[in-house]
Amino acid sequence: MGERRHATVAIIGLPNAGKSTLLNALLGQKLAATSQTPQTTRTRVLGVAGRGDVQLAFLDTPGIHLPKHALNERMMAHVEQALEEADLLLWVVDANEYLGVGEHALAKRLRRMGRPTYLLLNKIDLLSKSRLLEKVATYKDLLPFKEVVPIGAKMGLNLDPLWALLERDAAKPGWPYDEETFTDQTERSLATEFIREKVLRKTREEVPHGVAVLIERWIEPGQEDYPEDMDPEGVFIAAQILVDRDGHRKILLGSGGLMIKDIRQSAQRELKKLLQRPVRLELFVKVDEGWRDRPDRLDRLSI
Ligand SMILES: Nc1nc2c(ncn2[C@@H]2O[C@H](COP(=O)(O)OP(=O)(O)OP(=O)(O)O)[C@@H](O)[C@H]2O)c(=O)[nH]1
């Protein structure tokens, strides 16, 4: 074994490029919520992985966009913080999308920062080889990228070469996290995100952007109020789903309560996998108009 080295690696880019999918793929474990809805990620998510002598601390970040609410301003502050912390940047783009103003603005910003940046052209499973080559040529002039790597985060395409490059470039001495550390997220915050992910995946358009999840009760065996009819090794979780307006509450409940039932069941299955014990989940939908612009609410939601 050589000397131990590490790097902090921020995963950045526009909404929906596949940043969280990439983080999960690099870690080989689900940590970040993913969905087709842009702006799924709202905070910075740390995922730590060690290979050989090298430890990499990945920071998944919210997709970069113009903020309309206090919520979005906080999301962008998380991006700023990750940019500050990182030794290396992975700029993920959806290679099937046109290169637009958002990319140009980010490139300008990164040029000024001068931090080593890899361009990751993602979703290559949806692209022919000739189109991919065209894309590489189009993006290459944006910045003096340290590397340009085509990947398919969802199917794990080309991630080994990416790992090898990151291992080569991790230059700081030592390992900042112990070998068991995998994330700084608590079980509660992961549970919150996984419940929200299910809401995003089952609803469309405006609803997902106005949704937040707040865990109200988390009861372990032996604690007062632990349901008597539950498995003695389980956990009881009650969560509120906050929505921006009454119309969204109705959509979330669905006809005859079918939508919320579906969300509850799939979130409960996911939480069982995450926590590796039986879970009973209860969900309540609550209208909290304007929560996205209320700093006290955002604090309580840890955004
Ligand atoms: N076909 C294909 N789809 C992908 C790939 N990577 C990600 N996706 C899909 O792209 C969508 C967005 O992925 P996310 O990982 O949530 O994207 P993100 O960049 O974290 O999104 P924000 O949170 O909005 O910033 C999801 O539906 C993913 O399944 C890929 O390699 N191929």
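Predicted model: local features only at pLDDT ≥ 70, side-chain atom pairs only at ≥ 80, totals over all residues.
## Helix α1

Helix α1 spans residues 19-27, and eight of its nine residues are buried, so the helix is largely enclosed by the rest of the structure. The buried positions are Lys 19, Ser 20, Thr 21, Leu 22, Leu 23, Asn 24, Ala 25 and Leu 26.

The cover over these buried residues includes five strands, β1 (5-12), β2 (45-51), β3 (54-60), β4 (88-94) and β5 (117-122). Helix α5 (159-169) is also among the elements that cover them. Just after α1 comes Gly 28, with a positive phi of about 70 degrees.

## The sheet β8-β9-β10

Three strands form an open sheet in the order β8-β9-β10, and their pairing is mixed. Strands β8 (212-219) and β10 (279-287) stand at the edges; each has a single partner strand, so one side of each is left without a neighbour in the sheet. On average, and with direction ignored, neighbouring strands of this sheet are turned by 20 degrees against each other.

Strands of a sheet pair through backbone hydrogen bonds, in either a parallel or an antiparallel way. Here β8 and β9 (residues 235-243) run antiparallel and are joined by seven bridges. Within this pair of strands, Ile 215 stands opposite Ala 239 of β9.

## Helices across the sheet

Helix α6, residues 187-202, lies across β8 and β9 and runs at about 130 degrees to β8.

Helix α9, residues 258-275, lies across β9 and β10. The angle between α9 and β10 is about 135 degrees.

Most residues other than glycine have a negative phi. Gln 39 is not a glycine, yet its phi is positive, at about 70 degrees. This residue sits in the loop between α1 and β2. Gln 39 counts as partly exposed because it has 17 C-beta neighbours inside 10 Å, a count that falls between the limit of 12 or fewer for exposed and that of 20 or more for buried.

Asp 225, also not a glycine, has a positive phi of about 75 degrees. Its place is the loop between β8 and β9, the two strands that run antiparallel. With 8 other C-beta atoms within 10 Å, Asp 225 is exposed, since the exposed class takes counts of 12 or fewer.

How values were computed. Residues numbered from 1 in each chain as written. Helix = DSSP H or I, 4+ residues; strand = E, 2+ residues; numbered from the N terminus. Contact = placed C-beta atoms within 7 Å. Pairing = 2+ DSSP bridges. Axes fitted to C-alpha atoms, helices over the stretch in contact; angles between N-to-C directions.
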